[in-house]
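Here are my notes on this one, jotted down as I went through it. Have the structure open beside you while you read.

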Amino acid sequence: MAALESAIRFEGGLCMAERLAILDCGGQYTKVIDRKVRELGVQSDILPIGASVDQLAGYQAIILSGGPASVYGDNAPQFDPRLFHLGIPMLGLCYGMQLLNKEMGGTVAAGVKTEYGQTEIEVDPDCPLFEGLAPRQQVLMNHGDNVLACAPGFEVMARSGGAVTGIYNRELKLYGVQFHPEVDLTEHGVDMFRNFIRNIAGMKEVYSLEDRVETAIAAIRQQVGDNPVLVLVSGGVDSAVSAALLLRALSPERVYAIHVDHGLMRLGESDRICRELTGLGLVHLERVNAAELFFHSTVNVDGRTLGPLDKTLDPEERRNIIGTLFVNITQQACQKLGLDFDHTYWAQGTLRPDLIESGNPDVSAHASRIKTHHNDVSGVRRAREKGLVVETNRDWHKDEVRKVALMLGLSQEIAMRQPFPGPGLAVRVLCSDGTDTLPGDEQQQLEQALQQESAGLAGQVLPVKTVGIQGDYRSFRYLTVLEPGKAVGLINWGEMARLASALPARLPYTNRVGVVIGGSAQGATLTPTFVTEPNAQLLRCLDEIVTRRLGGGKISQAFAVLLPFGAEQKHSVAVRAFVTNDYMTGRAARVGQEISVQVLEEIAAEIMERFGDDIACVLYDCTDKPPATVEWQ
Ligand code: XMP
């Protein structure tokens with residue numbers, strides 16, 4: 001093996017020095033690894049786990065991503081076992097660690113300890129990966145399999161309770177961790193990457209954000225040539241950055257911006273956005289008022305007729321309807337400008353996570369689809385295949401786009417704006433035809449769990465499903481509502497945050513926990529609810545109350561969600577306040593920390609006072625990501 005090692009190192013050798021290979025095993029966070037590595041000034045390439053050893057030989061370090069499979073599973077991705085004997089420093093994450101351990105002679109067991117969420121672990125500060133770090137670390141676990149027996153020659157460097165969460169072989173420079181250092185919920189993940197990249201692999205800093213902006217501008221020029229470009233501007237930082245980059249790369253005369261008001265924007269938003277966007281230096285900006293079209297028309301998606309939106313229950317179908325209508329509007333805009341749609345370039349502010357979560361095969365070979373983003377529906381994919389979609393930000397995450405926005409001179413207001421999803425309020429009206437029921441004894445199981453976890457606390461499981469992410473897979477599970485029956489200031493919020501992690505880990509049918517802060521969920525039944533204009537209007541007003549009181553501060557995103565249940569055929573509303581940098585993971589704002597008891601009380605009181613005829617109950621969503629997602633759908 002030593003001969004193979006030196007032969008390959010010699011052959012591939014120097015040209016790839018200072019580059020790191022990320023081997024993609026299908027994890028949701030593979031692109032986050034790449035971005036964290038680049039932040040440390042190192043260039044990386046994402047390659048499939050099945051990449052040939054010849055291809056890998058010249059790299060200076062390798063990181064193996066997480067992935068949804070089990071290492072013994074039939075669906076486990078194929079790879080070349082010589083990979084582990086190349087003599088290149090390697091860090092395996094989650095699935096990557098299990099694979100490393102198994103291939104080096106250890107064993108892995110399925111589902112011994114299932115963990116989804118932030119967990120405290122003990123690490124060995126003498127291990128080079130944890131150099132300079134405290135012996136107790138908060139990390140993100142998101143897995144079902146565990147290392148049972150450590151491979152020969154490896155030592156344990158981290159534990160969570162009795163379970164092994166980190167192994168290494170100092171001499172061979174092979175490291176594996178069960179958790180995800182690449183995400184924000186691992187508090188010192190960046191330090192661990194730095195230790196691996198600088199100290200273990202000996203790599204230097206050679207790559208900056210300015211380089212990336214220049215690369216983006218050059219890429220636009222190369223893709224578009226002398227042609228005109230349409231750009232859809234939602235008002236958010238992503239599309240504003242796209243437009244600003246286009247204006248830098250091309251003559252402003254050739255950039256046609258379109259803002260679509262689909263009737264699902266927040267209160268007064270489209271007016272404000274159009275005012276702000278003129279400040280970018282756009283010569284052509286058109287506002288399309290398309291509420292009628294979005295609520296009432298049907299669309300054709302891959303031969304299927306979908307819609308109209310105001311009669312559609314399935315969230316994926318609704319996302320597809322909205323995404324397709326955006327494409328249709330772009331097509332109409334081309335006609336108006338006398339351009340041939342099949343040969344016209346159009347730009348959108350797509351980010352990496354959008355494509356990862358949409359399960360886009362170009363971005364990750366094995367990632368599971370969490371939900372289809374409006375900018376990755378099949379109409380967009382077809383145009384992308386023809387090379388017509390210009391995605392200036394597709395390699396970036398939200399916090400990187402914000403930095404680029406400031407670098408390009410965009411206003412602080414645009415650069416730091418809270419994200420608002422392309423489909424707007426449509427993803428925040430949870431729909432039901434009023435007939436869903438729970439399939440089994442979920443309610444009894446919850447009561448038993450609450451008896452053991454938190455004696456005396458009342459709770460219900462509602463037959464309303466929301467989207468989550470657990471173990472790299474999309475989950476679509478029931479909502480748990482806890483009703484402490486106390487004023488907001490008397491609720492033990494630390495306990496609520498704990499239960500929001502403990503219950504989804506324990507009960508396989510739930511992924512989200514809301515706590516009643518106004519009205520009551522008692523006697524709640526389902527209320528038929530669709531994305532109609534009146535429901536959008538109701539949510540717009542509820543959302544205004546939440547965002548007015550929760551804008552700014554340490555909260556990254558705050559909004560209201562309209563829910564299809566309540567006593568007397570009313571609705572309920574959830575308040576979501578979330579803290580994150582990259583939106584791939586994060587946590588619910590903690591009451592008493594990022595959000596004050598008083599503000600939460602005021603929100604609940606104002607909602608019940610002004611909308612008590614329509615709203616039976618106000619919830620505060622205490623769930624982190626994972627196991628839930630930021631949005632409920
Ligand atoms: P999730 O719900 O996936 O949200 O945890 C992460 C971030 O993405 C936003 N989001 C969307 N943005 N189209 C968008 O343009 C979508 O379909 C969509 N879904 C979620 C969400 O608001 C959060 O900032």
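This is a predicted model: local features need pLDDT of at least 70, side-chain atom pairs count only at pLDDT 80 or more; totals for chains, interfaces and linings use all residues.

1. The cavity itself has a volume of about 920 Å³, and of the 50 residues that line it, Asp238, His374, Phe420, Pro421 and Gly422 are the closest to its centre.

2. Which elements supply that lining? At least two residues each come from helix H7 (237-249), strand S11 (255-261), helix H8 (269-278), helix H10 (315-337) and helix H11 (352-357). H10 gives the most, with 5 residues.

3. The count comes to 3 cavities of 30 Å³ or more.

4. Take a look at two cis peptide bonds. One runs from Gly307 to Pro308, with omega near -5 degrees, and Pro308 is in the loop between strand S14 (304-306) and H10. Another runs from Pro626 to Pro627, with omega near 10 degrees; Pro627 lies in the segment after strand S25 (615-621).

5. Asp302 is not a glycine, yet has a positive phi of about 50 degrees. You'll find Asp302 in the loop between strand S13 (299-301) and S14, exposed at a relative accessible area of 55%.

6. Glu568, also not a glycine, has a positive phi of about 55 degrees. Glu568 belongs to the loop between strand S22 (565-566) and strand S23 (571-579). Buried or exposed? Glu568 counts as exposed, at 68% relative accessibility.

Methods:
Residues are numbered from 1 along each chain as its sequence is written. Side-chain values use heavy atoms; hydrogens and water are left out. On a 1 Å grid over the protein atoms alone, a cavity is a set of points where a 1.4 Å probe fits but cannot get out, and a pocket is an open set with protein on both sides within 12 Å along at least five of seven lines; lining residues have an atom within 4 Å of a point. Grid points are joined across faces, edges and corners, and a volume is the space filled by probe spheres set on the points. Helices (H or I, at least four residues) and strands (E, at least two) are DSSP runs, numbered from the N terminus. Buried means under 20% relative accessible area, exposed over 50%, partly exposed in between (1.4 Å probe, protein chains only).
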